[in-house]
Amino acid sequence: MIEDMSLEEKIGQLIVAGVEGSEPNEQTRRMIVEQHVGGIIFFRNNLADPASIIQFVNQVNEWNQVNHAPLLLSVDQEGGRVSRFNDWVALPSALQIGESSDPELASLLGFVLGEGVDMMGMNMNFAPVLDVNSNPANPVIGDRSFGDDPEQVSTMGIKVMQHIKQEGVIPVVKHFPGHGDTDTDSHLDLPVILKTEDELDSLELKPFADAIDAGADVVMVAHILFPALDEELPSSLSPAVITDQLRNKLGFDGVVITDDLTMRAIANRYGMGEAAVLSLKAGTDILLVAHKYENVDEVITYVKKAVDEGTLTEKRIEESVRRILQLKADYDLHDEPREVPDLSSLNEQIRDLNKRTSAANR
């Protein structure tokens, strides 16, 4: 398949892009048909009701049939305050699941997340969060974490990951190497964590190491500066973090995706295209460009220019394309039309999960 792909098609596979509005438009069609993007990320403003969501999904899948591989159709559906679907009953937070100390509830959360995301026509979920919530002043993680104990985060997070996977949805563990000890939101600025490598090993990295041992297929890398690992580059652009730590030290050979490159931690310091090229050189496979079509244009232009100039090799791009295509094949992704789901059974399961979680935490 790779041999049959043009350079433009290969570059497209490296991008998961955001869309605007709650229905397909010409810019979305262009990204898929002409720029060959490998995936889409949906946010709450894209997701109205089940019927319109399935119509959106079916249209982008239909457009994508000119391409070599199905789309990654992704969403942040963690539970708690990071939930994107309007018609779902509210899910418990990761912290509530963690406080229960009951791995079965984590399994049920993973099952509901996997089944539900699949029902909405999507095949990739940016969950679970494996950050250890070790800093009470953290403005971005908090109750999105399963707790402040790395063992508990590992146990609960892996159960969620495995049960999302069992439903045929790709779980993405995040935010490597760990966003739990920051007091800055990377949506707004670049956090800095001043810990030694040994300290990171014993806390932040432990849930990720355990998840990799348990079969994690995709890892999302955060936009955080860890001077002990790399004094200059944030983790999402750093060979020391992505290649040395994640690939070599932890032995991860799956797909690496960046957190959204349009977040200010990156956008305020680098051009979008420059950041994309640095990240690919560092060992990233997928560039998440969640907002503005012109950002996708810039990323494609810069990556192609880097290949033309020889600062980024086509062989390096093909390494990532191979991982991405293998992931899509492993999960048997397809672009066949989907039916509008009846959410009543799913919502009943969520109500049951909420009751059991509340009872466990009394």
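Let's start with Met-122 and its contacts. Setting aside neighbours within four places in sequence, Met-122 is in contact with Phe-42, Leu-47, Ile-53, Val-57, Leu-73, Ser-74, Val-75, Phe-85, Val-117 and Val-169. Keep in mind that this is a predicted model.

Why start there? The largest nonpolar core holds 117 residues, and Trp-88 and Met-122 touch the most other members. As a general point, nonpolar side chains in soluble globular proteins tend to be buried together.

Now Trp-88. Trp-88 forms a stacked aromatic pair with Phe-85, 5.0 Å centre to centre, with 25° between the planes. Both Phe-85 and Trp-88 are buried. Phe-85 is also on the contact list of Met-122.

Next, Leu-343. Leu-343 is found in the loop between α13 and α14. Is Leu-343 buried or exposed? Its relative accessible area is 8%, so Leu-343 is buried; the cut-off for buried is under 20%. Beyond its neighbours within four places in sequence, Leu-343 is in contact with Pro-50, Asp-87, Trp-88, Met-119 and Met-120. Along the chain, Leu-343 and Met-122 are 221 residues apart. Their C-alpha atoms are separated by 15 Å.

Asp-332 is exposed, with a relative accessible area of 60%. Phi of Asp-332 is near 50°, a positive value in a residue other than glycine.

His-36 also has a positive phi, about 60°, and is not a glycine. His-36 sits in the loop between α2 and β2. With a relative accessible area of 15%, His-36 is buried.

On to the sheet. It is open, with eight strands in the order β7-β6-β5-β4-β3-β2-β1-β8, and the pairing is parallel. Which strands are at the edges? They are β7 (255–258) and β8 (287–289), and each pairs on one side only. In general, strands of a sheet pair through backbone hydrogen bonds, either parallel or antiparallel.

Look at β2, residues 39–42. Both faces of β2 are covered. Gly-39 and Ile-41 on one side are buried, and so are Ile-40 and Phe-42 on the other. Phe-42 is one of the residues in contact with Met-122.

What does β2 pair with? Strand β1, residues 15–18, runs parallel to β2 and is joined to it by three bridges. Ala-17 has Ile-40 as its bridge partner in β2. With β3, strand β2 pairs in the parallel sense over four bridges. There, the partner of Gly-39 in β3 is Leu-72.

β1, helix α2 (residues 26–33) and β2 make a right-handed β-α-β unit. β2, helix α3 (residues 50–63) and β3 make a right-handed β-α-β unit too.

Further along the sheet, three bridges join β5 (residues 170–176) to β6 (residues 218–221), and these strands run parallel. Val-173 has Val-219 as its bridge partner in β6.

Now the aromatic pairs. The count comes to three. Another of them is Phe-176 with Phe-208, edge-to-face at 5.3 Å centre to centre, with 90° between the planes. Phe-176 lies in strand β5 and Phe-208 in helix α8 (residues 205–213), so the pair ties together parts that are 32 residues apart in sequence. Phe-176 is buried, with a relative accessible area of 0%. Phe-208 counts as buried at 1% relative accessibility.

Phe-176 comes up again in the backbone. The peptide bond from Phe-176 to Pro-177 is cis, with omega near 0°. Pro-177 is found in the loop between β5 and α7 (197–202).

Where is Pro-128? In the loop between β4 (124–125) and α6 (150–166). The bond from Ala-127 to Pro-128 is cis as well, with omega near 5°.

Leaving aside neighbours within four places in sequence, Glu-78 is in contact with Leu-109, Leu-113, Phe-126, Ala-127, Val-129, Arg-144 and Lys-174. Glu-78 lies in the loop between β3 (72–75) and α4 (94–100). At 7% relative accessibility, Glu-78 counts as buried. What does the side chain of Glu-78 make a polar contact with? The side chain of Lys-174, at 2.7 Å.

Technical notes: Residues numbered from 1 in each chain as written. Predicted model: local features only at pLDDT ≥ 70, side-chain atom pairs only at ≥ 80, totals over all residues. Heavy atoms only, no water. Helix = DSSP H or I, 4+ residues; strand = E, 2+ residues; numbered from the N terminus. Buried < 20%, exposed > 50% of the residue type's maximum accessible area, 1.4 Å probe, protein only. Polar contact = N/O pair within 3.5 Å; in protein donor to acceptor, adjacent residues only side chain to side chain. Contact = heavy atoms within 4.5 Å. Pairing = 2+ DSSP bridges. Right-handed = clockwise from strand over helix to strand, strands pointing away. Core = buried A, V, L, I, M, F, W, Y, C linked by side-chain atoms within 4.5 Å. Phe/Tyr/Trp six-rings, centres within 6.5 Å; stacked < 30°, edge-to-face > 60°.
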